[in-house]
Amino acid sequence: GIHRYNFELPGAKGGARKDFDGKIVCVSGAASGIGKACAKAFLDAGACVLGLDINPDVASTFKSPAFMGIPTDLCDTAAVTKALETCVHCYGGIDVLVLNAGIVPKSALIEDLDPAVWDRSMDINLTASQRLMTASIPYLKLGVDPCIVIVGTKNAPAPGKSMAAYSCA
C-alpha cells in the first residue's frame, strides 16, 4: 500500500495548517521560470513537491526535505515512470500534477520550418506532457482531492507570427 509522509521542517512550531499540508505535488519544468515558481508556491503552501526537469540543476533547486528534484527527460517514458515511482516511494503518492515543461523553438514561417524543429516542439511541448499525465493518473486516482494543472501559453488563442511549431503544440 501507499504510506504518506509529512515532513516537519526545522524550526516549525505547529500553528495554523497551510492549504497544501499533506499534499504531494509533481511539477514538470521545475528548475526555472514558471515551473520553479509553481514548485516554490506549493512548498510555501505546505506540500511535498517532486520537481522534474531535464536540467540537472533541478536536484538542488530547493533545499528542503519537502522537495525532491529529479533530472528527467520527459520524452523518456521509462525515466518518467522511475521518477514517479521514486516520489511515491518517498512521499507516499501524488495528489496534484502541474504540466508546465516546455521549450520555445526557433521561430520560422511555415514554409521555412524545419521538420525537426516541428517534431521536437511536439515531442516536448505536447507528447511529453501527455505521457507524464498518463503515467501519473494511476497515482492521482489514489490521491487526496487529485487535480491536474495545465500551464498554457497565450500563443494558443493568439499565435504570434512565425510561432507555428510552438503555438500548435
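**Reading the aromatic pairs**

Author: Let's start with phenylalanine 62, which counts as buried at 16% relative accessibility. Buried means under 20% relative accessible area, exposed means over 50%, and partly exposed lies in between (1.4 Å probe, protein chains only). This is a predicted model, in which local features need pLDDT of at least 70, side-chain atom pairs count only at pLDDT 80 or more, and totals for chains, interfaces and linings use all residues. Residues are numbered from 1 along each chain as its sequence is written, and side-chain values use heavy atoms, with hydrogens and water left out.

Reader: Thanks! How many aromatic pairs are there by the rule?

Author: Rings of Phe, Tyr and Trp (its six-membered ring) pair if their centres lie within 6.5 Å; planes under 30 degrees apart count as stacked, over 60 as edge-to-face and the rest as tilted. Here that gives two aromatic pairs. Phenylalanine 20 and phenylalanine 42 have ring centres 5.0 Å apart and planes at 90°, so they form an edge-to-face pair.

Reader: Which parts does the pair of phenylalanine 20 and phenylalanine 42 tie together?

Author: Helices (H or I, at least four residues) and strands (E, at least two) are DSSP runs, numbered from the N terminus. Phenylalanine 20 sits in the segment before strand S1 (24-28) and phenylalanine 42 in helix H1 (residues 33-44), so the pair links parts 22 residues apart in sequence. Phenylalanine 20 is partly exposed, at 26% relative accessible area, while phenylalanine 42 is buried at 13%.

Reader: And what is the geometry of the rings of phenylalanine 62 and phenylalanine 67?

Author: Their centres are 5.1 Å apart and their planes at 75°, so phenylalanine 62 and phenylalanine 67 also make an edge-to-face pair. Phenylalanine 67 is buried, with 8% relative accessibility.
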